[in-house]
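User: I'm new to reading protein models, and I'd like a close look at one part. Could you pick some charged side chains, tell me what they pair with, and then show me what lies around them?

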Amino acid sequence: MNVARENLENQTALLRVTVGEADYKEQVDKQLKEYKRKANVPGFRPGMVPMGVINKMYRKGVLADVAYRKATDAAFEYIKENDIETVGDLMPSETKQGDLDFENGTDFEFVYEIGLAPEIDLALTKKNSVTKYVIEPNDDMRKGFRSNYMRRFGKLVDVDVVADEEALTGTLTQGDDVKIEDAYVGLISMDEKARKPFIGKKVGDAVEVDVNEIYKTPSQRASILGVKEAELEGMNPKYTFTITQIRKFAEPEMNEEFFKLAFPAGDVTTPEQFDARIDEQVRGELAKETEYKFTTDLRKYLLEKTKLALPEAFLKDWLYRVNEGKFSMEEIEKDFPQFLDMIRWDMIRRKVMKDNNLEVTQEDVKAGARDVAMMQFQYYGMHTVADDMLENFVGSILGNKEEVRKIYDTVAERKAVAAIADQIKVNEKTVTPEEFQKLA
């Protein structure tokens with residue numbers, strides 16, 4: 001087996017791989033013998049087909065497949081052994097590949113094209129600087145986080161009169177024939193106009209309603225009325241709603257019962273500690289926004305500083321071929337600048353990881369999975385989660401290869417950004433949420 005490299009223009013190169021009979025003969029013969037053992041050819045008993053017949057039927061295809069795989073493996077090995085930094089994938093050349101005669105030939109030359117990555121010279125010093133915007137939380141944010149706790153651990157209590165956002169239970173009637181008990185009407189989901197007829201009503205009072213207005217979706221209406229969605233068409237939407245119960249959301253009291261429910265670990269037991277935890281969580285969320293923008297700004301700064309040139313024509317062709325025509329060249333062109341920056345940033349990240357001897361360990365990935373799991377729970381207002389529930393969710397995340405890949409990339413980027421930040425000057429600037437919103 002022989003591999004020869006030929007450098008071309010525009011940061012590409014050809015790898016010419018010559019595969020000889022000694023490289024493929026043993027494997028081809030072995031595969032043909034296996035075909036002979038299993039072949040089912042009319043006129044011959046199983047396993048008794050002459051090898052001449054097997055060769056005529058299968059040798060050309062087997063030889064082509066084995067020789068191509070040998071050549072491809074040799075090309076990848078050459079790239080690895082010679083430490084060639086590439087972009088995109090190894091591709092069979094459509095313009096330089098000659099004809100291959102697997103009927104009569106013994107030596108075959110396979111031609112591959114590769115895209116060559118540019119040299120990266122970051123040369124970072126404290127003269128390089130990027131601003132990190134630290135967001136100072138405001139009271140509205142604290143109220144929002146506090147409200148999540150209040151709603152999770154609050155409860156509905158009976159009240160005498162409808163005032164604003166109460167939850168109503170009642171009976172829907174339509175003449176003497178239709179009566180639907182325990183119908184629910186939630187005023188909190190209504191606008192002021194729709195809510196107005198209910199204001200001031202008490203238990204026993206009746207309100208004329210249109211079910212199409214108080215229940216916005218067909219599925220809601222069908223569920224309340226006890227019919228199928230297809231049966232709604234043509235039905236009279238006018239009903240009388242007689243109130244049987246009025247309930248209003250009441251926040252929990254700041255007492256021992258609340259703290260045990262909200263913070264089972266026992267690390268929050270007083271209103272002061274509760275306020276401190278709220279502030280900590282708000283700052284934690286804002287810190288994520290700060291880090292995201294800092295990473296984005298740092299990425300932009302380094303892309304402009306390095307101005308890495310890439311083999312663009314090769315990469316466009318690679319994208320088109322690897323996606324098997326799912327995207328037209330016009331579609332590829334549309335997002336191509338963003339794709340190039342993604343490639344450049346990935347190269348910079350890997351360069352930083354290599355130069356600083358950084359790696360992503362299994363423990364790093366597991367910790368990243370825990371972060372993802374907690375974000376999911378927090379999205380639903382659960383800031384405290386039992387260990388066994390959290391670990392089960394982490395296990396499901398780690399069982400998903402695509403999720404693990406995303407976590408690996410996230411952790412790698414975080415480590416690379418931290419290493420870069422240590423080498424440059426980071427100017428921290430405190431801003432309000434409103435100021436940050438404008439910057440972002």
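Analyst: Let's start with Glu-34, which counts as partly exposed because its relative accessible area is 32%. Keep in mind that this is a predicted model. The side chain of Glu-34 meets that of Lys-38 in a salt bridge, with 3.4 Å from N to O. Both sit in helix α1 (residues 21-38), and because they are four residues apart, about one helical turn separates them. Here's the handy rule behind that: an α-helix has 3.6 residues a turn, so residues three or four places apart point the same way. Lys-38 itself is exposed, at 58% relative accessibility.

Take Asp-210 and Lys-238, whose closest N and O atoms are 3.4 Å apart in a salt bridge. Asp-210 belongs to strand β9 (residues 206-210) and Lys-238 to strand β10, so this bridge ties together parts that are 28 residues apart in sequence. And is Asp-210 buried or exposed? Asp-210 is buried, since its relative accessible area is 14% and the cut-off for buried is under 20%.

Glu-109 is in strand β4 (residues 108-116) and Arg-16 in strand β2 (residues 12-19), so to speak two distant parts of the chain, 93 residues apart. Both partners are partly exposed: Glu-109 has 35% relative accessibility, and Arg-16 has 22%. In general, side chains of opposite charge can pair when their charged atoms come close. A search of the whole structure turns up 36 salt bridges.

Now back to β10, the strand that holds Lys-238. Strand β10 (238-250) is also part of what covers the buried residues of helix α6, along with β7 (167-174), β8 (178-186) and α5 (211-214), among others. Which residues of α6 are buried? In this helix (residues 218-225), they are Arg-221, Ala-222 and Leu-225. Looking down the axis of α6, you'd see them fall within an arc of 95°, so they line one face of the helix. Just past the end of α6, Gly-226 has a positive phi of about 75°.

The largest pocket holds about 960 Å³ of space. It is lined by 26 residues, and those closest to its centre are Lys-288, Tyr-292, Met-375, Thr-410 and Arg-414. Helices α3 (139-153), α8 (271-306), α11 and α13 (401-423) each give two or more residues to that lining, and α13 gives the most, with nine. Charge shows up here again: the lining has ten charged residues, beside nine nonpolar and seven polar.

The second largest pocket has about 390 Å³ of space. Among its 14 lining residues, Glu-85, Ala-117, Pro-118, Glu-119 and Lys-354 are the closest to its centre. Helix α10 (residues 329-355) gives the most to this lining, with five residues. By class, you get eight charged, six nonpolar and no polar residues.

Notes:
Residues numbered from 1 in each chain as written. Predicted model: local features only at pLDDT ≥ 70, side-chain atom pairs only at ≥ 80, totals over all residues. Heavy atoms only, no water. Buried < 20%, exposed > 50% of the residue type's maximum accessible area, 1.4 Å probe, protein only. Arc of directions from axis to C-beta. Contact = heavy atoms within 4.5 Å. 1 Å grid on protein atoms, 1.4 Å probe; cavity = no way out; pocket = protein on both sides within 12 Å on 5 of 7 lines; lining within 4 Å. Points joined across faces, edges and corners; volume = space filled by probe spheres on them. Nonpolar A, V, L, I, M, F, W, Y, C, P; charged D, E, K, R; others polar. Salt bridge = Lys/Arg side-chain N within 4 Å of Asp/Glu carboxyl O.
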